Amino acid sequence: MVSTYHGIETGRRAVEYFKKGMEISGLNITNMNNEGYSRQVLNRQATPGLVSNPAISYLGTGVEITSIQRMRDLFLDARYRRATADQAYWETMVAGVKRVETFIVSTNEKGLTNLMDSFWAALEEVHKRPDDAAIRNAFLQATDSMTLFTNDLRSEYLKYRDELNKNVRDMVGDANDYIDQIALLNVGIKKVQVAGGDANVLLDERDLLADKLVRLTGADIGVAGKDDLDADYKVTLNGKTLVQGDKVRHLMLVENAANSGFFEVQVEYDQYDLSSDERVAGVIVEQRAKTIGTCSLNGVHELDVIRTADELYWTVGHGYDRVPVEYRSDAVGLEGSFAIQVGSAGARVYSRVFDDDSVQGRVLGEPQFGELKEFDFRMAAGDFETTITVKWDDTIATPGWEISDNRGSTPKQVGPNFGDGDLAAFINENYGSDLSAKTNASDSSISEGAIVIEGVGEQEGRPISITDFVGDLMKSNGLANENPIVLIEVEEEDTLQTIANKINNAYKFDLTRRNADGSPLYTTNPPLTPPSSPDQWVHASVETDEDGKFFLCVTSNVAGEAPRINILSGSSCGGGVNDLHTAAALGLVNNIYDTDATGKPIVANANTNIIQENAASYIQMVREEGSAFYPVADQYTKSTKGETVPDVFVDDAYFAVDGQRLPVQTIKYGVDANGNPMYYLVQDAIGIGKPHVTVLDPGTNLPTDYLVQTSNGKSYVDIGGTRYDVETDAKKIKANGVEYVYVGNTSYRVYGTEDEAYVVTGGKRYLSASNDFKEARYIPANGDANADALSEVVYGIRFFLRDEGATTILSRHHVTKGEIYASLTLRDDMILGQTDSFDELIYELASQFNASHYAGYGTGDYEDVTGLAFFDLIKTGYGAFGKLKMDDAALFDQSRIAAAAGDGKGHSMGYGDGSNALEIARLKQAKLFMGGTADFNDLYRKFVADVGSFGQRASNSLSTENYILEQVSVQRDSIMGVNSSEEMLSLVELNNEYNKSAQYISSLFQVIDKIINGVGRVGV
């Protein structure tokens, strides 16, 4: 039987449901403008019915609330967050571009474009009126304004980078706060859920924090489409867990010393060093750099620094047999000539292919009537230098060619045909510790009839200079340096300053000008071909030694090892032995005064004298003491024989990157014949059935497999048919903390542990005149041997070399989306990329301007003086931005402006001449950039246009992302958002239903009251 109060209970449940519904509607309306609030709805179901009797069946008992549901769509949440991260990135980028545009785009008189125009215009005025001091001062003021602006511009970039770095620090702090709060909310949500409570408010808080975290970092929140009510849900960043339940991993700010101490952003407990050994090299890894992929090693780079750069200029002079000069105005009293060439033939020098029908690889045959019977040429690399003579000897029974040198090597008779193999054999036999010469006979990758020469040992990777003294043997076979040679004529009445002037004039001179007899004022080889760029130029000056005596000093215009200065014989730029006496008397070469039995000067002893810039001077003594060095003060007594002195030769950085990786499965250990530990490498060979070792000689083609064989209980490595006993010939050594395996004379670096290792060999080799660089000169294994073109070493990575050794460079960007990523991109990619453009502009401006200025004459005290720098020297292009500054003396002395040109005889055309100022002014239109298609203004205009273009692309991308985010937000808000009209209508309906339910209960109470109080008992 159904209870009398059944209806009341049913009505009560209805009242409670409608009452709760009104509370939820009110809650929705109250919170409709609160960020992150999700609309809530009641979920209900009918309560289980009652069975009154079989005829009536079930009797309804009302309704009950099953849950209060947040209206969220996980898929739309995921789309919204992705769109938020992308929109935040482009919003930050647009703001950054607009900030940078304020630095460089200006329409007032202080903009760089206008300042550069004023600078060139003022220089043209100097050309027109070179004798007007006011005009000269106006030019100095225009130059000062331009240099100050460029330096201030760099300061603005640096300040903005610093600001971005601080923003990164603050955003990482915010992100870590969100991570911590999400973990705390997970704990609270779990407690509420375990107690059976409603955690909707906490869930909304957590989602709001997650949205903010995604905007900063692009993190992934859970899995789209999967129930995220679990309090242990995950927050991950590129596969790395940041939050799981109450467990957290924070973002870490790791200072990078190579990047001005700026922060790298990494995930806690997954931190890594950008450079595994910062004592060897530091790096800046830009955001554009490739990162480690699943099946790729793009983000791992092996750097082997063989030699760091000293960033010095080549300088010659101060030879100990020079003519002493007491006073600057003294005539030297010399009559003769010498030649100057700047440059090298490359780090790997390839000859042309000699393919004679009768003799393969023949360079010289029997000399015919009128042909030269003697050739002399110099080969130099680093501190190694030799002069080789190839001479026809017809005094012996079978006449033929003889090869000899100035180092006392045993002469080599080669018969009537002198070929590439003969030269290679002589080099390898006598200079094997410094030079290596290969032909097709020793290296099948070399064409038949050709020769390849490169440095080994201490000279490995050094540019090789090969110059002809007598004849053109090296030039004819393609081995000689290719840069132009300039002849300097010295007359008896010339002073050191006059000779310096002639040198300086020759490097920016109108070669069409001629003497009265029609001969050219300057002779070059090739004819009428002047040096065409700063790396081919020198400038000369008059200096004083320790005793106060004057000497001639010749310095290259560009720092580094490649622009080596070669002092050659005079006459016809390469022919004429005796003219080296003039160079020696001026102190530009040493040791030429030795003579043979007939009294003839031995030109082979002419060794270039090198002086280190801004340091104690040393000279190279080759004739008697081999390759030892001696201070100039001891040049005659040689009292320091055998003593170690500083290396005074110019060095380029030499390094290898990303070698061929050879995996190794196991490393077998043992001892060598002396009991020292060693190991050899073994890899299981699929399909061979025997273990084998793969070896690769650096610079050769891909290897073939060489079997490890066992005989008499010993292991052997078979390489090219030669067996190497593993226990004695494959030795383990350790150098600078790096382990190597030697098989024969070839070394292979070993990485890893006994369980997992690999060998790296044959890395790409580069040269750099600076220890700080993004681009360097690649030395290819074959092909272009000069390596004169700069190329980016590793995409998106900047290097800062510190010491010799090996280090591993890692590129593992943990944050790749959102505001933090955008700030890092602005800081390290965009701003550094823009400063690269300014580096190029500033370096070329200073180098080109100085090169021309060295050639000209000033006024007053400088009317007969050349070789003066106008801008402070900037040694290398990387980091040139911010270094543009007038020479301190030039800043306050307008008479140093070298406006006048020379007369070809070492004297000025007069202070009223402005020819050199015009020559310098022409630099404004010189096509020095973009492959010879753009001048200074073109380069800057392109730079400004590129900034504007990128800003436009960024704005377009932001507009697109704003549209996408807006569309996703509309869809998301349609589900989770609160509509006040709908909620008010629902509130009215719920209130009506509530009243009806209350009326229903009230009616039931009246019936019950009537039954109880109004119905009497029968018969009473």
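## Charged side chains and their pairings

Asp 938 is partly exposed, at a relative accessible area of 22%; here buried means under 20%, exposed over 50%, and partly exposed in between (1.4 Å probe, protein chains only). The model is a predicted one, where local features need pLDDT of at least 70, side-chain atom pairs count only at pLDDT 80 or more, and totals for chains, interfaces and linings use all residues. Numbering runs from 1 along each chain as its sequence is written, and side-chain values use heavy atoms, with hydrogens and water left out.

**Salt bridges**

Side chains of opposite charge can pair when their charged atoms come close. A salt bridge here is a side-chain nitrogen of Lys or Arg within 4 Å of a carboxyl oxygen of Asp or Glu, and the structure has 53 of them. Here are some of these pairs:

| Pair | N to O distance |
|---|---|
| Asp 277 and Arg 279 | 2.9 Å |
| Lys 927 and Asp 938 | 3.2 Å |
| Glu 326 and Lys 549 | 3.9 Å |

Back to Asp 938: its salt bridge with Lys 927 links distant parts of the chain, with Lys 927 in the loop between α13 (915–921) and α14 (936–976) and Asp 938 in helix α14, 11 residues apart. Helices (H or I, at least four residues) and strands (E, at least two) are DSSP runs, numbered from the N terminus. Lys 927 is partly exposed too, at 43% relative accessibility.

Glu 326 and Lys 549 also form a salt bridge. Glu 326 sits in the loop between β13 (315–317) and β14 (336–342), and Lys 549 in the loop between β27 (538–544) and β28 (550–556), so this pair ties together parts 223 residues apart in sequence. Glu 326 is partly exposed at 45% relative accessibility, and Lys 549 is partly exposed at 25%.

With Asp 277 and Arg 279, the salt bridge joins a buried Asp 277, at 17% relative accessibility, to an exposed Arg 279, at 65%.

There's also a network of salt bridges, and its members include Arg 70, Asp 77, Asp 204 and Arg 972.

**A negative patch**

Glu 335, Glu 489, Glu 492 and Glu 493 form a negative surface patch. Patches take residues with over 30% relative accessible area and no salt bridge, joining like charges within 9 Å and nonpolar side chains (Val, Leu, Ile, Met, Phe, Trp, Tyr) within 5 Å.

How values were computed: Areas by Shrake-Rupley, 256 points an atom, 1.4 Å probe, with all protein chains shown as cover. Lys, Arg positive; Asp, Glu negative; His and termini not counted. Charge placed at Lys NZ, Arg CZ, Asp CG, Glu CD.
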